Amino acid sequence: MTKNRDVIIWSKQGCSYCNEVKAYLQEEGIPYKTVDVTHNDAFRDILDTKYGIRYVPVVEIGSSEDGIYQAITELGIEHLKAALAEEKIQS
């Protein structure tokens, strides 16, 4: 992954899927930022507007420079792995 790419995890406290995603990224040495939606319905509203969903985790991979992000909204670490592999190919 190029160094100008950001990884953002939309998550909530106590979410086992969210924790699985964070653990995987840590194991792979991929830095990420977290948006915690636990006590903030406005953040869930943002997810609803952007992707038509209100659940987490949602992982966004992209660039703050151009504002273009790919979202992984499917549950299951295999979807994140596939998106990261595709990102490496495009880099």
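1. Start with a term. A residue is buried under 20% relative accessible area, exposed over 50%, and partly exposed in between. Keep these cut-offs in mind for this predicted model.

2. Take Tyr-55. Its relative accessibility is 38%, so Tyr-55 counts as partly exposed. Look for Tyr-55 in the loop that runs between helix 2 (41-51) and strand 3 (58-63).

3. Now turn to the inside. In soluble globular proteins, nonpolar side chains tend to be buried together. Here the largest nonpolar core has 13 residues. Val-21, Leu-25, Val-59, Ile-61, Leu-80 and Leu-84 have the most contacts inside this core. Two or more residues each come from strand 1 (6-11), helix 1 (16-28), strand 3 and helix 3 (77-90). Helix 3 gives the largest share, with four residues.

4. Another core lies apart from the largest one. This other core has ten residues, including Ile-8, Trp-10, Val-35 and Val-56.

5. Are Cys-15 and Cys-18 buried or exposed? Cys-15 has a relative accessible area of 7%, so Cys-15 is buried. Cys-18 is at 0% relative accessibility, and therefore also counts as buried. Both values are under the 20% cut-off. As for disulfides, a search of the whole structure finds zero.

Notes: Residues numbered from 1 in each chain as written. Predicted model: local features only at pLDDT ≥ 70, side-chain atom pairs only at ≥ 80, totals over all residues. Heavy atoms only, no water. Buried < 20%, exposed > 50% of the residue type's maximum accessible area, 1.4 Å probe, protein only. Core = buried A, V, L, I, M, F, W, Y, C linked by side-chain atoms within 4.5 Å. Disulfide = S-S within 2.5 Å.
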